[in-house]
Amino acid sequence: MDIGALFQIAAVGILVAVLNQVLIRAGREEQAMMISLAGIVLVLFWVIQYVNELFTEVQTLFNL
Amino acid sequence: MLFRFAGAAAVILGCTGLGFYYAMRDGLRVKELLEFKKALMILASEIEYMRQPLAPACGNIARRTEGTTANFFQNIAANIETAETAYQSWAAAIATAKPTSHLAPEDWEALDGFGKTLGYLDKNMQKSAIGLCIDYIDEKTNQLQTRSDKNKRMYHSLGAISGLIITVVLW
């Protein structure tokens, strides 16, 4: 797994958290929630291929 | 690699600029509304004390105001002699000024409503129509100033942070 992907996920996490706080302070809770959701979906899209690799690895390891 | 950095800088700067533009938009609208208020107050005094017809009154207003408002009243002063009614030239001036202005459609509706009263009411009625329009502008500017103070910092941070997020996602 490329270490760059980890840094990218961390950066998106930090920026989404800051954006969330900014929007909550401005009284826009709904948009803040949408931004958090969008961040989660984005990171899930990145991570899903690694999760898939993990499952395949486990399957081959235990001959399932 | 150089292109990647240049692209990242362009995206961040572009998004930050967009954030600043959005933060500035309410301020520009307030400025234009206040300029229209000034124009209407001059119009009221032209009607009350100078007893000027609309064409020279609008010409005077155009000279004493600036930006969109000046062009708007200049347009009316130029067209009012040839138009059938005062409202026709007022509506034509609105149609010309709309694309270059920062005013919202509701502001133009209020000004259009005032334009319909132009030219056929007596002095007192005309003054109260101007007063009504000025009241609308006062209320709107108060609302916008409160909203602008609240949203300014949010738009600044929103622009910069969304630029950073796009850069990280595309890196």
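**View 1. Gln52(B) in the loop between α1 and α2 of chain B.** Gln52(B) sits in the loop that joins α1 to α2 of chain B; helices (H or I, at least four residues) are DSSP runs numbered from the N terminus, as are strands (E, at least two). The model is predicted, so local features need pLDDT of at least 70 and side-chain atom pairs count only at pLDDT 80 or more, while totals for chains, interfaces and linings use all residues. Residues are numbered from 1 along each chain as its sequence is written, and chains are lettered from A and ligands numbered from 1 in the order in which they are written. Gln52(B) counts as partly exposed because it has 15 C-beta neighbours inside 10 Å. A residue is buried if 20 or more other C-beta atoms lie within 10 Å of its own, exposed if 12 or fewer, and partly exposed in between, with C-beta atoms placed from the backbone. Leaving aside neighbours within four places in sequence, Gln52(B) is in contact with Glu46(B) and Ala57(B); contact means that the C-beta atoms of two residues, placed from the backbone, lie within 7 Å.

**View 2. Helices α2 and α3 of chain B.** The axes of α2(B) (residues 54-64) and α3(B) (residues 67-79) come within 8 Å and cross at roughly 155°. That makes α2(B) roughly antiparallel to α3(B). Axes are lines fitted to C-alpha atoms, for helices over the stretch in contact, and angles run from 0 to 180 degrees between N-to-C directions. Angles under 35 degrees count as roughly parallel, over 145 as roughly antiparallel, 65 to 115 as roughly perpendicular and the rest as oblique. The crossing of α2(B) and α3(B) is left-handed, a term for a near helix turned anticlockwise from the far one by less than a right angle, with clockwise giving right-handed. From α2(B), Ala55(B), Cys58(B), Gly59(B), Ile61(B) and Ala62(B) meet Ala70(B), Phe73(B), Gln74(B), Ile76(B) and Ala77(B) of α3(B). This contact of α2(B) with α3(B) has eight nonpolar, two polar and no charged residues. Here Ala, Val, Leu, Ile, Met, Phe, Trp, Tyr, Cys and Pro count as nonpolar, Asp, Glu, Lys and Arg as charged, and the others, Gly among them, as polar.

**View 3. The largest nonpolar core.** Of its 27 residues, Cys58(B), Ile61(B), Phe73(B), Ile76(B) and Cys133(B) touch the most other members. A nonpolar core is a set of buried Ala, Val, Leu, Ile, Met, Phe, Trp, Tyr and Cys residues joined through C-beta atoms within 7 Å. At least two residues of this core come from each of α1 (2-50), α2, α3, α4 (86-97), α5 (105-115) and α6 (123-170) of chain B. The most, six residues, are given by α1(B). Phe73(B) touches Ala39(B), Cys58(B), Ile61(B), Ala62(B) and Thr65(B), not counting residues up to four places away in sequence.

View 4. With 20 other C-beta atoms within 10 Å, Leu103(B) is buried, whereas Ala104(B), with 15 C-beta neighbours inside 10 Å, counts as partly exposed. Leaving aside neighbours within four places in sequence, Leu103(B) is in contact with Arg29(B), Glu32(B), Leu33(B) and Trp108(B).

**View 5. Helices α1 and α6 of chain B.** The axes of α1(B) and α6(B) come within 8 Å, and the crossing angle is roughly 170°. α1(B) is therefore roughly antiparallel to α6(B). The contact of these two helices divides into 27 nonpolar, 14 polar and nine charged residues.

**View 6. Helices α1 and α2 of chain A.** α1(A) and α2(A) (residues 29-61) pack at about 175°, with their axes 8 Å apart, and are therefore roughly antiparallel to each other. The residues of this contact divide into 12 nonpolar, four polar and one charged. Gly13(A) also has its place in helix α1 of chain A; this glycine counts as partly exposed, with 13 C-beta neighbours inside 10 Å.

**View 7. The contact between chain A and chain B.** Nine residues from chain A and 11 residues from chain B take part. On the side of chain A that touches chain B, the largest share, seven residues, comes from helix α1 (residues 3-25) of chain A. That side of chain A divides into eight nonpolar, one polar and no charged residues.
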